2 protein chains.
Amino acid sequence: MNKKAKTAITPTRQEDYPEWYQQVIKNADLAENSPVRGCMVIKPWGYTLWENMQRGLDKMFKDTGHQNAYFPLFIPMSFLEKEAEHVEGFAKECAVVTHHRLEPNPDGTGLRPAGPLEEPLIVRPTSETIIGAMYAKWVQSYRDLPIKINQWANVVRWEMRTRLFLRTAEFLWQEGHTVHATEQEAVDETYQMLDVYAQFAEEQMAVPVIKGEKTAGERFPGADMTVSIEAMMQDRKALQAGTSHFLGQNFAKAQDISFQDQDGNVSHAWTTSWGVSTRLIGALIMTHADDDGMVIPPRIAPAHAVILPIYRDVSQRAEVLEYCKNLKAELETQVYGGRVLEIEIDDRDLRGGEKKWHHVKRGVPIRIEVGPKDIAKDAVFMARRDTGEHSSIPRAELLSEATNILASIQDNLFQRALKMREENTTEITNEADFRAYFTPKDVKNPEIHAGFARCYFSSEEEVQPLLNELKVTIRNIPLENNDEPGTCFLTGKTAAKKAVFAKAY
Amino acid sequence: MNKKAKTAITPTRQEDYPEWYQQVIKNADLAENSPVRGCMVIKPWGYTLWENMQRGLDKMFKDTGHQNAYFPLFIPMSFLEKEAEHVEGFAKECAVVTHHRLEPNPDGTGLRPAGPLEEPLIVRPTSETIIGAMYAKWVQSYRDLPIKINQWANVVRWEMRTRLFLRTAEFLWQEGHTVHATEQEAVDETYQMLDVYAQFAEEQMAVPVIKGEKTAGERFPGADMTVSIEAMMQDRKALQAGTSHFLGQNFAKAQDISFQDQDGNVSHAWTTSWGVSTRLIGALIMTHADDDGMVIPPRIAPAHAVILPIYRDVSQRAEVLEYCKNLKAELETQVYGGRVLEIEIDDRDLRGGEKKWHHVKRGVPIRIEVGPKDIAKDAVFMARRDTGEHSSIPRAELLSEATNILASIQDNLFQRALKMREENTTEITNEADFRAYFTPKDVKNPEIHAGFARCYFSSEEEVQPLLNELKVTIRNIPLENNDEPGTCFLTGKTAAKKAVFAKAY
């Protein structure tokens, strides 16, 4: 590859953003489509990202008093029907199990479903109804509350148009489901978990997010309130990265989750649910990757650094490899972000350039190259994936600075993404500007959009026709810096809050 | 509860073993049946056991060079048909997805499946066929081999008679799937993973196991060789706790997983698969639990010890609780079995007896009680769950001895289980003894069986009628201490190996 003329990924973001996204995933070996419609295969490098996200989130869930459990994959069709809005929201995209065995076709060729079920089962699209059925049994008294349980699981929502990590028929996620004696406690839980998600996204994934409340039209089916974190991708579209739902007493009433309080009165409980999914990997890619491929923040990187031994012939191999192994061992005594450093040595028999670009495209934060000349001066060649900066540095300096360099990469990625979002966010106060902002200007790059608009709006119903026309959505109503009333950009009426408007995934 | 007269679990193992098993699970709050036929809910205390098993196994998989990935939940029906024995083995117990949405019934009441799929999808009962389809794409050259991937996932096998943890329609497991260039390498992998399972069962779960090869009739559908670990439960039945399969070239041929070697020749690869499941929790319960409930080996216990603050009135509470918290903090600086000690304090407002028995029934390895009198002499009351031994010991001694006590509990549980197995294993050399051994003697306890019989046998076909009659199975042909030929207990013919015969779960 000619480094000067080309990028490692073709096309670039500017040339064809959606295709660039697919190519980053392919070149980093993160995932691929499977022969099963809409279902993806998450490959080892991508799955380790998910494992690292799980580890970080799981610790935060446990630190806030939650426990893990596991509930059935299947939901009886009648359970889904209990909450009217809920079934409305999910009935159109359910995988339905109707039979429990296969038998040979009468003509002897191939198989057909047999053993019809009395009641069809739905593969869970989310588990409020099956978990609620258990909670109704478990909750009798105020002493049984709160229940704070999380589940790591796969879910299925039948999607017609799928895209790796962003929208797939099956995806992996966690879903928290809690039950509380009071409304206030459930509302507090809802916000607490949103804070957990925001902190995780910003501190671990280096993805800046806006915390806010969804409008009524964008709420989770059956919720009284949905709050979300929204991130800006590099095409300036928004991606909803996590949601937390205050379900009021809706599910408790539909499923009779009720308890006797200290005075002997029986009331319905208050519930919440909250989730993030493998979609976060899509957010990670579209926040940090560049035209040379994946860029992974050190705190969730499967490997913090890769060491490439460089030698011309076998006679040099032993010495170089020994030096690399010692370096790896010394680096792996260090801790960054609560994790012992993980260092790879890539001694495969490949051309140096091919090997280098392999790790660039995979997004390893630090690349170290060691050859006989480096060893002679007890130095190494080091390159940062985020900035491309590279230099020869003394081995001792690498060892003393390694965790600082990782911290600097982590911080740089966050600041770079934040700057990008701020540069592409504007305040809009009238319809003409709004229309202009969301009308594509560059016909050659129709997939690079304008960005976020923060606008006062008086009512979701009144702005909806314009949003439909422009294919723009209200992402959320930010929770922070949003207390001053103003004037609706469209109607001129007084409006209590600003919302973030954007095109979205 | 009257300790002298009763046990915490009713009935006892002797009185009604199957019901005792259900009651241990219920009283330890490990799991329960769900409203979905055959599917269980794994509750937090039970799920933490699974998490600890996952952590231990996952490390061993990674230390032996495996990576995790994730493959689709669904398998197209046609994929299952490719390997003849495989489909024969699983077609009778498949959950079949035939529709992708729900629509209202024509009369407006309730829902019905809609959107029929062109090809039905099977919820994976195991993933050889879907993973093999990906491997066929990924493997081109010898440079692509070996592939050593593991998946943590849920699977579904429609079972008519289910029992918590032992046999459920949905269960959680891991499935390793590897591809190799040579037969020898695949065979070595098969045995290596059996060793991993055996080591995990014995060292972490304190469950002694017999490693051996399955007879042809008991092999995994489509395998050339299946090896298993078998454990003896306290009713002296065998439980298959893990299996590792050498699949030969069967799946590689069915799915065309082939590669070009260094000389340019193309051949089919050699594959393996291996798995353990939440069934291991059933093995754990039936190996260690007693008539007072669950007993958990320290190395996989969710908590190593529980501290119960004992006080009569609120005036004593602060001092006692402070003492307990300090004790917890000091214990949690210690490490046992590679894990920092996890100590619970149970300060709930419950009667002391109720609280004590709660933790006995949950199986926490060490129970510590602290009251004002203990504090006065800087001592604590300590009880071991495994032996029931209890005494007052100086605080300093508890701190210095804690990890030794845990090691002693772990070892005692293993030795106790091993002794139980050895006392209930016999060598049998003729049919009359075999019949007598496997004919229930105690009509009051039909569920307590004789145990294991190690017998020479000349052929599976020849012994099968007798086994069917007695409801006995060949568990496996032990790999160790089994090189001397002998005489078949049934036919009198020369036999190369002994097998373990037993009634089984």
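**Where the strands pair**

I started in β5(B), where H99(A) has V96(B) as its bridge partner. I work here with a predicted model, in which local features need pLDDT of at least 70, side-chain atom pairs count only at pLDDT 80 or more, and totals for chains, interfaces and linings use all residues. Residues are numbered from 1 along each chain as its sequence is written, and chains are lettered from A and ligands numbered from 1 in the order in which they are written.

Next I looked up the strands themselves: β5(A) and β5(B), residues 96–104 of chain B, run antiparallel and are joined by 3 bridges. Strands are DSSP runs (E, at least two residues), numbered from the N terminus, and two of them pair if DSSP finds at least two bridges between them.

**The interface**

I found 47 residues of chain A in contact with 47 residues of chain B (C-beta atoms, placed from the backbone, within 7 Å). Strand β5 of chain A gives the largest share of chain A's side, 7 residues. I noted that 100% of the interface residues of chain A are also interface residues in chain B, so the copies meet through the same surface.

**The symmetry**

I superposed chain A on chain B by a rotation of 180° with 0.0 Å of shift along its axis, RMSD 0.0 Å (least squares on C-alpha atoms of residues with pLDDT of at least 70 in both). The two copies are thus related as by a two-fold rotation axis. Of chain A's residues, V97(A) comes closest to the rotation axis, at 2.1 Å (C-alpha).

Note on methods: Two residues are in contact if their C-beta atoms, placed from the backbone, lie within 7 Å. Helices (H or I, at least four residues) and strands (E, at least two) are DSSP runs, numbered from the N terminus.
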